[in-house]
Amino acid sequence: MAPDGSARAIATPAPLRPARSPGVSSLERLARRRSTIAFVMTVPLILVIAGLVAWPAAYAMYLSTLNRRMTASVGFDNYMFMIESETFWMVAWQSCFFAITAVLLKALIGFWLAHMLHNLPVRGQRKWRGMLLVPWVIPPALSTLGWWWMFDPSYSSINWIINVFGFPDVPWLGHPWWARIAVIMVNVWYGAPFFMIMYLAALKSVPEQLYEAAAIDGATSSQKLFYVTLPMMQNIISITVLFSLIVTFANYDIVRVLTNGGPRDTTHLFATYAAQVGILSGHLPRGAAVSLFMLPVLAVAAFFILRGVTRRTREMM
Amino acid sequence: MARDVVSRRTLLKASAAGSAAAALPLVNVHGQPRTTLRCGFWDHWVPAGNGALRELCAEWGSRERVDVQLDFITSAGKQNELTIAAQAQSRSGHDILSFPTWFPSAYADQLVPVDDVMGRLIAKYGPVTSAAEYLAKRDGRWVAVPAVSGTQMKPSLGRIDLLKQHAGIDVREMWPAEDRAGPGAATWNWDAFLVAAEKCHAAGVPFGLPMSNFSDSVDWVGCLFESFGARMLDEDGKPTVRNNPKLLAAVEYMVKLMKFVPSDVWAWDDAANNRAIQGGRSALIFNPPSAWAVARRDNMAGHDQQWTFPMPSGPEGRFVPYLPYFWGIWNFSRNQTAAKNLLEFLSERESADKQTSTSAGYDIPPFLSMNDFNVWKTEGPPVGVVYNYPLKPHHNAKTAVAFAPAPPEIAVQAYNQGLNTGLIARIAQGGQTIDQALAWAERELRAFARG
């Protein structure tokens, strides 16, 4: 349609062909293209991903098909070993139990802490935020050592306090269930501040008008939480849970320092069991197979969580 | 006018001086080391322990004109084991590396055979202790040299006063700091041990016997099994759990013994038993003299009441836990001849004596003929505390490694998973029947044998 409102045929211009400037080679033209420049600029990142992610992952897959001496292929025999090993299934169950319980607790505690902080006056908030972030800032290998001293089988300071109140010792690291609880406790202590800070950022981005509108409509506090806060935070919650699930599944240092997988292998996770089988027992291919086992589990979880995030983002746009 | 006359004598002097000056750089180059040898040794627990190796390597390096570069790699956090795995994968790193117990066998394909070195050393000093030979030989070839530095044994380490008071045993009389067995030594067996364990438990100083999957736990249980003739794997790596009366006897004995140990032994690491005897909470542990050495250093109460003596014997003999280190040469090393020469030098009697003496008797040489160093006679208080730490002929004992004589690649998996302590824990702590626990152990062992 023409600017004056009359419809008239607008002459279609002939397809433009790049004019051949004299003295410009085809190589130079290629270099001047936007797509070429974009590609060249992403080459360093592609190289980093290829070298540090794709290659190690592909090599680990290849490694998991070799025999102990890495001289011949055994196909899927290392995976068959795991499927037939009672200990491996116990490790798989523990890894799931550990990761799911720890992530749920971290999310709940982080959510509660974020709300508490959000409702504090701005001046006091910064101080509390700093203090609550301390567990997340200390290297876990170091802080776990502190926890180990508190759980020490013979000289536990926690037991000492429990004894003061007349209760008997708790075998924190000596009994399978107590050891599992101890490992989860330390992981939650370390990881909850991460959830707290993410949720706090999400809470601050929820427009105040929505709460005002809800208040005018007579919404109660819990209704505001379920119909305003949570839907607005859903994407952050999903991404944080996904990220934490991956990191918690792959946890190594807490179990290594606290229990070394004991008692009776009841606190081993995929990573610690893979290290025991692969490095300490000199069977790298089998260790690679153990560590790769969690890949499909996490990939499926990541697919569904990210699909939900994308869908919600589209709905909001 | 003076004439410039160059006499024949002046010319000769000048020529000689010129030649000497010209040759000077050559002399310097000749005097410098031409080879660089990179060694990664185990970082010793005993602070002075690294000093002996440093001095010995410097002495050998200056004599052979080799620049010996030393790195001491800690075993804390398995850093040395990760280093070995990384260097084997990248085929680069040190020329010589210290290998823990099971590693020479795991990396045998990448290690230079040292039959020539071991042949000369054995000809000079006699046989190597049996457990070291089992671990360092692969297909009849020596793939590593059993090291002095870092190699330890774990005999009984008891409190003289507590054992005398509560169990009526005078361990210093039984096993004096002399080349003879005292009264009662002949009956120092697992039955006597059980009676003493019960008495000490009742007195509130139970024996500190760890039962987790750390090496102190697996080692002593492995030796107890061996002294009962209770093997879980045969020489081909096949499980020998089913219908094995010796294994059954050992398991039944262990279940009885577990009633008299602290309730938290299932979570003990390698330091927990040390702390138990140092704190006066246990009358006996199985350990190298490091527990005593630390107690002496920190002047802890009762350190002068500690005494090292052999393990109890069983129906099949007396066995002492042996946890060695090995020195291996990577086959990608460019200085294999120099590396072999250095290892031979470090294994000689004088060098071994220096390493053992510097570590207050902790390091055990692999050659049985070297078990007479002066340091074991003189260390104290009490003087002679470590006299019976190395094997002596009157001990009638052998060194042993848990899950031997199975092929090391299978045995190491059972060792690292603590299959022997896990078996007992399932019964004594987990409430399983002996048959259920043995069936579990058999299934695990069968899985280890694959691949």
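Domain bounds here come from an automatic or database domain assignment. The model is predicted: local features need pLDDT of at least 70, side-chain atom pairs count only at pLDDT 80 or more, and totals for chains, interfaces and linings use all residues. Residues are numbered from 1 along each chain as its sequence is written, chains are lettered from A in the order in which they are written, and side-chain values use heavy atoms, without hydrogens and water.

**View 1. The two domains of chain B.** Domain 1 covers 35-151 + 324-372, and domain 2 covers 152-323 + 380-448. Their centres, taken over C-alpha atoms, lie 27 Å apart.

**View 2. The interface between domain 1 and domain 2 of chain B.** Contact (heavy atoms within 4.5 Å) links 22 residues of domain 1 with 26 residues of domain 2. The buried area is about 1,900 Å², with 64% from carbon and sulfur atoms; this is the accessible area (1.4 Å probe) that two parts lose on being put together, summed over both. On the domain 1 side, B:Trp102, B:Tyr134 and B:Tyr362 lose the most area, together 35% of what that side buries.

**View 3. A salt bridge between B:Arg138 and B:Glu409.** The side chains meet at 2.7 Å, N to O. The criterion is a side-chain nitrogen of Lys or Arg within 4 Å of a carboxyl oxygen of Asp or Glu. The count between the two domains of chain B is one salt bridge.

**View 4. Helices α4 and α5 of chain A.** Helices are DSSP runs (H or I, at least four residues), numbered from the N terminus. α4 (residues 86-118) packs on α5 (residues 122-137) at about 160°, axes 10 Å apart. A:Leu113, A:Leu117 and A:His118 of α4 meet A:Gln125, A:Trp128, A:Arg129 and A:Leu132 of α5.

Note on methods. Axes fitted to C-alpha atoms, helices over the stretch in contact; angles between N-to-C directions. Helix = DSSP H or I, 4+ residues; strand = E, 2+ residues; numbered from the N terminus.
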